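Subject: Structure handover

Hello,

Here is the structure you are taking over. My notes on it follow below.

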Amino acid sequence: MGVNLTPIILKKEIKLSDLRGKVLAVDGNAELYQFLALIRMADGTPLKDSRGNITSHLVGLMYRATRLISEYGIKLIFVFDGEPPSLKKEEIERRHEVRERFIKEYEEAKAAGDIAAAFAKSVMTSRLTQSMLEDAKRLLRLLGIPYVQAPGEGEAQAAFMVREKRDAWAVGSKDYDSLLFGAPRLVRFITISGREFLPSKGKFRPLRPEIIETHKMLSHYGISLDQLIDLAILIGTDFNTGIRGIGPKTALKLIKKHENIENLPQDIRSKVSRNYQAVREIYHYPLTTENYDIRYRTLDEDGLYEFLCRERDFSTEKVEMVAKRMKAVQSISE
């Protein structure tokens, strides 16, 4: 998912405590997918209530968000995807095919009694439905945590909120796409556990929060944001297929030498996606909105118990702990 810029990214490791008092516009869909992927039973089965509703994403959302807010003083605004651009259709179909393949492999591993393999495969089978999204938004409303419904790509909206509106200090996302949408800063791995599961290796790797400052990276390489976008198009984005054999480092060399896609040697130029101009337009002029409210609200404690305990079978003790966190935060801000 997203564009792979890892080999050329300039990053700085930070601590969660370094983000105290900062406002982050968080990629909500990506967060929920992460919770759906990792919060599972040992055999890979997602957490569910007695009526079959998946609750893994709610567990992750309520625990991580309230801890980041109450213990680390980070102000979160969740931003959710709207309608994807038409050029993303091919990528969405590819993801669906990948998910179906892993579902089959997961069922085979589970049937064979290979629990470790089943869990590793299950991580790639997550599907975020509209009802799950509505449950997540309802939980945020009850907790008093603001969220924004983007008309298009969530990372484009988050970047807009940082760059244009100054309503947030940085975008919070694992992916790099917000950089292409012009986000001045990107914070990755805003996690308390400090680890990430690698399905291909069947094990966890340690993670530390990191920050990427776009202007510093562009200045270091001597390129512009327009050139970074062209670089991304060469390696492939969610909206186009890249050129086989060209990775981030090679793409960087090509763009630095030839300045843009139009000036590339013909043998390379001919392999560039025909829709590259349209991809540029998506990054330059994304669909965003100024119609949002990012104020924190008062905790709806009764509603929280009704939703989580009576409707989704959460224990009273766990919900009480989360409620205490948010009440403590509100008492400080009053």
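A polar contact is a pair of N or O atoms within 3.5 Å; within protein, one must be able to donate a hydrogen and the other to accept it, and residues adjacent in sequence count only if both atoms are side-chain atoms. This is a predicted model, in which local features need pLDDT of at least 70 and side-chain atom pairs count only at pLDDT 80 or more, while totals for chains, interfaces and linings use all residues. Residues are numbered from 1 along each chain as its sequence is written, and side-chain values use heavy atoms, with hydrogens and water left out.

Asp 49

The side chain of Asp 49 reaches two backbone nitrogens: that of Arg 51 at 2.9 Å and that of Gly 52 at 3.0 Å. Asp 49 sits in the loop between α1 (28-38) and α2 (56-70); helices (H or I, at least four residues) and strands (E, at least two) are DSSP runs, numbered from the N terminus. Asp 49 has 8% relative accessibility and so counts as buried (under 20% relative accessible area; exposed is over 50%, partly exposed in between, with a 1.4 Å probe and protein chains only). Not counting residues up to four places away in sequence, Asp 49 touches Thr 55, Glu 311, Arg 312 and Asp 313 (contact means heavy atoms within 4.5 Å).

Two helix pairs

Two packed helices are described by the angle between their axes and the distance between the axes. Axes are lines fitted to C-alpha atoms, for helices over the stretch in contact, and angles run from 0 to 180 degrees between N-to-C directions.

Helix α3 (residues 89-111) packs against helix α4 (residues 115-122) at about 165°, with the axes 8 Å apart. α3 is therefore roughly antiparallel to α4 (angles under 35 degrees count as roughly parallel, over 145 as roughly antiparallel, 65 to 115 as roughly perpendicular and the rest as oblique). On the α3 side, Phe 102, Glu 105, Tyr 106, Ala 109 and Lys 110 meet Ala 117, Ala 118, Lys 121 and Ser 122 of α4. By class, this contact of α3 with α4 has five nonpolar, one polar and three charged residues (Ala, Val, Leu, Ile, Met, Phe, Trp, Tyr, Cys and Pro count as nonpolar, Asp, Glu, Lys and Arg as charged, and the others, Gly among them, as polar).

For helix α9 (residues 225-235) and helix α10 (residues 248-258), the axes come within 9 Å and cross at roughly 135°. α9 is therefore oblique to α10. Gln 227, Asp 230, Leu 231, Leu 234 and Ile 235 of α9 make the contact with Pro 248, Ala 251, Leu 252, Leu 254 and Ile 255 of α10. By class, the contact of α9 with α10 has eight nonpolar, one polar and one charged residues.

Also in α10 is Lys 249, which counts as exposed at 53% relative accessibility. Leaving aside neighbours within four places in sequence, Lys 249 is in contact with Pro 7 and Ile 8.

Helix α6

Nine of the 10 residues of helix α6 (residues 154-163) are buried, so the helix is largely enclosed by the rest of the structure. Among the elements covering these buried residues are β2 (23-27), β3 (75-80) and α7 (177-180).

Positive phi

Arg 166, not a glycine, has a positive phi of about 60°. Arg 166 lies in the loop between α6 and β5 and is exposed, with a relative accessible area of 62%. Phe 189 also has a positive phi, near 60°. Phe 189 is in the loop between β6 (185-188) and β7 (195-198) and is buried, with a relative accessible area of 11%.

Regards
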